[in-house]
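Thanks for coming, everyone. Let me put the structure up, and then I'll walk you through the ligand site and a few spots along the chain.

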Amino acid sequence: MGARINGIELEWRDRGTGEAILMIHGFPLNSAMWGSQLTRLSPDWRVVAPDLRGFGASDVGDEPVFSMDLMARDLAALLDHLGIERAVICGLSMGGYVAFEFFRQFRHRVRALVLCDTRAGTDSPDTQRARGALAEQVVAENTIAPLVETLLPKLIGVRTSRRNPGVVALVKAMMYEARPDSVARALQGMAARADSEPLLRSIDVPALILVGSDDVITNRGQAEMMARGIRGARIEVVAGAGHVPPVEQPEAFNQILLQFLEGLPHESLPASASFSY
Ligand code: MLT
C-alpha cells in the first residue's frame, strides 16, 4: 500500500486487525524482513511494516540526510494516515534508533516498545568517520557493493550462515534493493543520531529487548544495559541468530514477541469510545 506521507510517496505492508504493531526495519533492509511476523501476528494484531524513506518501494525525497527524527516523523504521519492513535513500536537496529526517537517525540502514541538488536548510545568518532567514508564511496561508485561485502557477513549469524544459505541469499537480495543515495543518507543520519541512553529512565511503557546470541553488530552487554535502564524491561536472547533474528530464527522470535504482546495490560478505552447513559 502507498500514499503521500510527510511529503514523500511512502509504501508499507498492512495486515490483520486489532491493536496495531508498527515494525521498523533495519539498515539497509526493507519491510520484507518482517514477512514471517506479518503472517504469524496478523490473526490477532494489525501489523504495519513501512519501508522507511529511500528503502524498499518508498521514495527517497529531497532531504539530504535521513535523520532518525525525520524518519520518526514519517512514521507518526503514517499512523495518522491510517487512523492509528497508539501502537506497539518495534524496531530492529536502525529501526530501534528510530523507535527511540519516536518515543522521544510521540511518547503518548507508544503502547509498548520492542527493541531488537539495537543500542541506545551514539557512534564513536571512529564509527562516525567510517560511516562518512562509506557514504561517499557508495555514492561515488554508484553501487552498494562495498557495503554488502563488509556488512552481510556481520548481519547474519555464523550458525545461520553455515546452516541456512537461503537466509543469506534473501538478506543479500534485500540489501541490493537499497539505492546508493539512500544508503548514504541513512549512514549520515545514523552517525548524527541523538544519545538515547538518558532516555532509558523515562521509558514508562512495557518494553521487550531482544538480541541474537550470535549478533556481532550489537551484543548482549548493550542489550543488558538497555534492560537495566528501562524499568521493568524484559530481555530475551534468541539462540542461534545473528543481527536479524526475525529472519534467521522466525519461530523463536515470533514466540517471544507474541508472549510479550499477549501479556500487555489491556488498553483503556479512549474517551471517545466510553459509554454514556
Ligand atoms: C542496522 O542493522 O540497522 C545497522 O547495523 C545499524 C547500524 O549500522 O548501526
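Some housekeeping. This is a predicted model, where local features need pLDDT of at least 70, side-chain atom pairs count only at pLDDT 80 or more, and totals for chains, interfaces and linings use all residues. Residues are numbered from 1 along each chain as its sequence is written, and side-chain values use heavy atoms, with hydrogens and water left out.

Okay, the ligand. Which residues surround the ligand? Going by a heavy atom within 4 Å, they are Gly26, Phe27, Ser93, Met94, Tyr97, Arg119, Arg131, Met190, Ile217 and His243. That shell divides into five nonpolar, three polar and two charged residues. For the bookkeeping, Ala, Val, Leu, Ile, Met, Phe, Trp, Tyr, Cys and Pro count as nonpolar, Asp, Glu, Lys and Arg as charged, and the others, Gly among them, as polar.

Now the polar contacts, meaning pairs of N or O atoms within 3.5 Å; within protein, one must be able to donate a hydrogen and the other to accept it, and residues adjacent in sequence count only if both atoms are side-chain atoms. Serine 93 has a side-chain N or O atom 3.0 Å from an oxygen of the ligand. Arginine 119 puts a polar side-chain atom 3.1 Å from a ligand oxygen. For histidine 243, the distance from a polar side-chain atom to a ligand oxygen is 2.8 Å. On its own the ligand exposes 270 Å², and the protein buries 95% of that; those areas come from the Shrake-Rupley method with a 1.4 Å probe, and for residues, only the protein chains shown count as cover.

Let's stay with serine 93 for a moment. Serine 93 is in the loop between β5 (87-92) and α3 (94-106). Those elements are DSSP runs numbered from the N terminus: helices are H or I, at least four residues, and strands are E, at least two. Is serine 93 buried or exposed? Serine 93 is buried, at 9% relative accessibility. Serine 93 also has a positive phi of about 55°, although it is not a glycine. As background, most residues other than glycine have a negative phi, and most peptide bonds are trans.

Leucine 115, in strand β6 (residues 110-116), is 22 residues from serine 93 along the chain, and their C-alpha atoms are separated by 7.8 Å. Leucine 115 is buried, at 0% relative accessibility.

Asparagine 142 also has a positive phi without being a glycine, at about 50°. Asparagine 142 is found in the loop between α4 (125-141) and α5 (145-155), and it is exposed, with a relative accessible area of 61%.

Next, the stretch between β3 and α1. Histidine 25 is in that loop, and its side chain reaches the backbone oxygen of leucine 29 at 3.3 Å. Proline 28 is there as well, with β3 covering 20-24 and α1 covering 35-41. The peptide bond from phenylalanine 27 to proline 28 is cis, with omega near -10°.

Last, a few spots where sequence and space can be set side by side. Aspartate 62, in the loop between β4 (46-50) and α2 (68-82), is exposed at 78%. Aspartate 62 is 55 residues from glycine 7 in sequence, with 9.2 Å between their C-alpha atoms. Alanine 77 is in helix α2 and is partly exposed, at 21%. From alanine 77 to arginine 4 it's 73 residues in sequence and 9.8 Å in space, C-alpha to C-alpha.

Then there's asparagine 164, in the loop between α6 (158-163) and α7 (165-176), which is partly exposed at 33%. Asparagine 164 and glutamate 141 are 23 residues apart along the chain, and their C-alpha atoms are separated by 31 Å.

That's my tour, so over to you.

Methods: Buried means under 20% relative accessible area, exposed over 50%, partly exposed in between (1.4 Å probe, protein chains only).
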